[in-house]
Amino acid sequence: METTTDTHCPYCSLQCGMRLATAGGVGTTVVERPEFPVNRGALCGKGQSAAALLDTARRLTTPLVRERGTLRAAGWDEALDRVAGGFSAIRSEHGADAVGVFGGGGLTNEKAYQLGKFARVALGTANIDYNGRFCMSSAAAANRIAFGLDRGLPFPLEDIPRTDCLILVGGNPADTMPPAVRYLRELRENGGTLIVIDPRRTRTAGLADLHLQPLPGSDLALALGLLHLLIADGLVDHEFVDTRTTGFGAARAAAMAHWPERVERLTGIAASQLRLVAHHFGGAATGMVLTARGPEQQSKGTDTVGAWINLCLASGKAGRPYSGYGCLTGQGNGQGGREHGQKADQLPGYRSIEDPAAREHVARVWGVDPETLPHTGRSAYELLDSLGDPGPDGVRGLLLMGSNPVVSAPNAAHVTDRLRSLDLLVVSDLVLSDTAQLADVVLPSAQWAEETGTMTNLEGRVILRQRAVDAPEHVRGDLWLMRELAERLGIKRGFDDDPETVFEELRRASAGGQADYAGISYDRIRAEDGVFWPCPAEDHPGTPRLFLDTFATPDGRARFAPVTHRPAAEEPDAAYPLFLTTGRVLSQYQSGAQTRRVDALNASAPGPFVELHPLLARQLAIEDGDALAVTSRRGRAVAPARITDTIRPDTVFMPFHWPGAGRANTLTNPALDPTSKMPEFKLCAVRVEAAGPAATAGPDEERPA
């Protein structure tokens, strides 16, 4: 007999609804679930093929331990004893902060919550962060500065088709979250205007009424120039500014220094185009600005997002129906993963770890003395950069859960060296990822279809993935893993392996915080197709739309950001004359650890490439498919040329899904945003030259010539 289970896709932040059908316990098939409101049954190729990784031939099925340089199969007791013994020895010799924890934006809320608790209670370390720091941290920081609260979208996706003008900055949902594209199409069908800002003419840009292709790293100047025009051309909503915001004077002064002709020089966008955009947006009755990784993954990402929020505030397009600023969160639980404690500066409920009242509340839920809780630790790249450092502040042991920094971290050759230098590297994952291949202990984790847990999508909708199939015999869930390790580290209580029990504790820990889940239960999620936070009580309806009455700041007013243009951390020069920008392709996901193991997806996108304009190709005497070497100050990558007129002539593009010689993140710049600690993934200076056919199959070339 066939049975079906309602669940959600394991990939992006849409968390599309799907069903898993199993017949007699043999074989699992993805089935549409048209009643789920986010995707209404639509699935991209990644979602349609999601069950392929349940095949045991593609995944880890037993713990592995390193012996004489080689990973071999081991039992759970041997593996866990080695982990607990190794971490205990490091803590005894070097202190608790010499052990670090690195989490992932794909972990369920229950896992992310318990991982933060495990780090601070069982290990006693301040050094925990996660790969979501590399995703939307700049938008999160700007949201909190402007609105007092961070949720990716302050409105449900269903509101997008009902706005009059949408500006999408540095995002390509046609490739990264295809089921969301219907909202953009419906917007235009309803008579709305879609404006896309991206250095590449992507498939999403092809849907737009107007596409601007600015110089990489100039998004801040562009937003300031548009605000200048709103002010100069009388398009400011002064009633809204006066009654619902603060700080307009300083933001106005900054914007007036960015007149159209200056912004044209900084961005490469004609002043006439700037005026057209300003009047489309400023003259619309309702409007939205959505950003993605393009403006956010910069060393000035927080200021850049703040400038786009300023545009919404000045025109009165925030805190009103069908208007506002939003961030297109990337990872599956990128929203929930940043709410409940796996960030270096955070406790559950989006509380600050430095707030005495927050420490008291969470410590009471955890049954510990608040004085024993560590304080703020290192951000993600700072943590990775400290690995193996022999100094007093170095991290000697690392537990890494659901992340693959060998491929996904900036300055990846350096990060790989740091991982290799650890006394003990422990990786929990469902596949033998590129990072797991370096580990001393590898722990096989159950997958999305094999365990129950909640996720929070980009709208702030808390949804429930439900177990549909059993995990292989020797595979365990991460909650079980943390409980077993905690017991071996001397913590006999407080770590449960039942996800609903952990979620009930998360509800108590988040109660009263900004991300308040106290009124959300598994039963409510099942009955309502998800519940929007904040939801402080069981009789509260949830909050699909934020800020309609007041903003979450102490005075209830949104705050303008007094920001001004500044150059990127690394601009092109004579030695490195071009911009490199990076991103995703339709058939791969993040570091590719999962999608590169799915035959249908890998056939569609089998390897890295370098996208360049025909003018640049002619200048370099490059033909389509030629091996191209791209060199930055951090390293060298080699991949086939893909010649296209959809990119600027001064810019090359590489997708970042692959390891090896074509690893894009060998090149990227780890320069950090001072507020969000986001690395500058989206642009760096490079030189490009023919590599010759022999170079394409070589190992990583980790240092520039």
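Here is a short chat about pockets and aromatic rings in a predicted model.

Biologist: What should I keep in mind about the model before reading the features?

Modeller: It's predicted, so to speak of local features we need pLDDT of at least 70, side-chain atom pairs count only at pLDDT 80 or more, and totals for chains, interfaces and linings use all residues. Residues are numbered from 1 along each chain as its sequence is written, and side-chain values use heavy atoms, with hydrogens and water left out.

Biologist: How much space lies in the largest pocket?

Modeller: Rolling a probe the size of a water molecule over the atoms shows where empty space is left. On a 1 Å grid over the protein atoms alone, a pocket is an open set of points where a 1.4 Å probe fits, with protein on both sides within 12 Å along at least five of seven lines. Here the largest pocket holds about 350 Å³, a volume being the space filled by probe spheres set on the points.

Biologist: Which residues lie nearest its centre?

Modeller: Arg133, Arg144, Lys343, Asp345 and Thr675, out of 23 lining residues (lining means an atom within 4 Å of a point). Helix α4 gives the largest share, 5 residues. The lining divides into 6 nonpolar, 8 polar and 9 charged; Asp, Glu, Lys and Arg count as charged, Ala, Val, Leu, Ile, Met, Phe, Trp, Tyr, Cys and Pro as nonpolar, and the others, Gly among them, as polar.

Biologist: And how do I read the aromatic pairs?

Modeller: A pair of aromatic rings is described by the distance of the centres and the angle of the planes. Rings of Phe, Tyr and Trp (its six-membered ring) pair if their centres lie within 6.5 Å; planes under 30 degrees apart are stacked, over 60 edge-to-face, the rest tilted. This structure holds 13 such pairs. Take Phe147 and Phe551: with centres 5.6 Å apart and planes at 20°, the pair is stacked. Phe147 is in helix α4 and Phe551 in the loop between β21 and β22, 404 residues apart (helices are DSSP runs of H or I, at least four residues, and strands of E, at least two, numbered from the N terminus).

Biologist: Are Phe147 and Phe551 buried or exposed?

Modeller: Both are buried, meaning under 20% relative accessible area, with a 1.4 Å probe and protein chains only.

Biologist: Which pair is tilted?

Modeller: Phe503 and Tyr522, with centres 5.4 Å apart and planes at 45°. Phe503 is buried at 0% relative accessibility, and Tyr522 is buried at 1%.

Technical notes
Buried means under 20% relative accessible area, exposed over 50%, partly exposed in between (1.4 Å probe, protein chains only).
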